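Opening the notebook on a new model.

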Amino acid sequence: MNHPDTKQRLLDAAEQLFARDGFHSTSLRAITRAAGVNLAAVSYHFGGKEALVEAVFERRLAPLNATRRQRLDAVRDSARTQGRAPTIEEVLRAFIEPTLALREAGPGACAFISLVGRALNEPEGVVRTTFMRHMQPLFTYLFELTRSALPALSAHSVFWRLLFALSTTAHAICLSDQSLPWPPGVAPLRDSEALLAELLPFVTAAMEAQA
């Protein structure tokens, strides 16, 4: 139970099963079986199932949000130094580029992205509440920077356009590398740089569109 890999194996197994089957349909016994540890290990390392899903989000989102915050700070500070407002392309790139890079963060990243999809689609529940708690401070900061980049738009329009842009990004991450019946001449976007090259101009133009 005290093996140093036990906690990591529990997080890996919980991430996969929560993403595949949902929080409420995944038992602690299924997680410990997949992790190859005994049932008491969950209580020992996390205290319970809700604390385990909290740790699953914390493991991925804490470093990702720190990177996104640093990138947004750099955009804000650079614009201030130059005596101008940040551009919406700069703001969106600072947030979206590290997000796309998560796809290439190694084993488990795809499962985590699926888990985020569950959090966004579930109207309520532990997964959604936990995800939103991790994202709310950064989203508030992103919203403030976006408003400063688009001063001609109302807060209402900026909020909804930003939500649409982030929803488009999440949808693109989930579908862009899937094996779908693509039309002739269309290929999946498995590389994050290729996906960013298509996605960023699209969401930037949508944010800047005249009302």
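My entries follow, from the whole chain down to single residue pairs.

**Ground rules.** I'm working on a predicted model, where local features need pLDDT of at least 70 and side-chain atom pairs count only at pLDDT 80 or more, while totals for chains, interfaces and linings use all residues. Residues are numbered from 1 along each chain as its sequence is written, and side-chain values use heavy atoms, with hydrogens and water left out.

**Overall build.** I looked up the secondary structure and got nine helices and zero strands. Helices here are DSSP runs of H or I with at least four residues, strands are E runs of at least two, and numbering starts at the N terminus. Along the sequence the pattern reads α-α-α-α-α-α-α-α-α. The C-alpha atoms fill a box of roughly 60 × 45 × 30 Å along the principal axes. Of the 211 residues, 42% are buried (under 20% relative accessible area; exposed is over 50%, partly exposed in between, with a 1.4 Å probe and protein chains only). I also checked contacts (heavy atoms within 4.5 Å): among those with a separation of 6 or more, 70% join residues 24 or more positions apart.

**H1 against H6.** How do H1 and H6 cross? The axes of H1 (residues 6–21) and H6 (residues 109–121) come within 8 Å and cross at roughly 45°. Those axes are lines fitted to C-alpha atoms, over the stretch in contact for helices, with angles from 0 to 180 degrees between N-to-C directions. H1 and H6 are therefore oblique to each other (under 35 degrees is roughly parallel, over 145 roughly antiparallel, 65 to 115 roughly perpendicular, the rest oblique). On the H1 side I noted Glu15, Gln16, Phe18, Ala19, Arg20 and Asp21, which meet Ala111, Phe112, Ser114, Leu115 and Arg118 of H6. By class, that contact has five nonpolar, two polar and four charged residues. For the classes, Ala, Val, Leu, Ile, Met, Phe, Trp, Tyr, Cys and Pro are nonpolar, Asp, Glu, Lys and Arg charged, and the others, Gly among them, polar.

**H7 against H8.** The axes of H7 and H8 (residues 155–175) come within 10 Å and cross at roughly 120°, so H7 and H8 are oblique to each other. I find Phe139, Leu142, Phe143, Thr146 and Arg147 of H7 in contact with Ala155, Val158, Phe159, Leu162 and Leu166 of H8. The class tally for H7 with H8 is eight nonpolar, one polar and one charged.

**Salt bridges.** How many salt bridges does the whole structure hold? My search gives 12, each a side-chain nitrogen of Lys or Arg within 4 Å of a carboxyl oxygen of Asp or Glu.

- Arg133 pairs with Glu54, with the closest N and O atoms 2.3 Å apart. Arg133 lies in H7 (residues 126–149) and Glu54 in H4 (residues 49–81), so the pair ties together parts 79 residues apart in sequence. Arg133 is partly exposed at 47% relative accessibility, and Glu54 is partly exposed at 24%.
- Arg69 and Asp73 meet at 3.2 Å, N to O. Being four residues apart in H4, Arg69 and Asp73 are separated by about one helical turn. Arg69 is partly exposed at 35%.
- Asp77 bridges to Arg76, the closest N and O atoms being 3.0 Å apart. Asp77 is partly exposed at 34%, and Arg76 is partly exposed at 22%.
- Asp12, Glu15, Arg59 and Arg60 are linked in a salt-bridge network.
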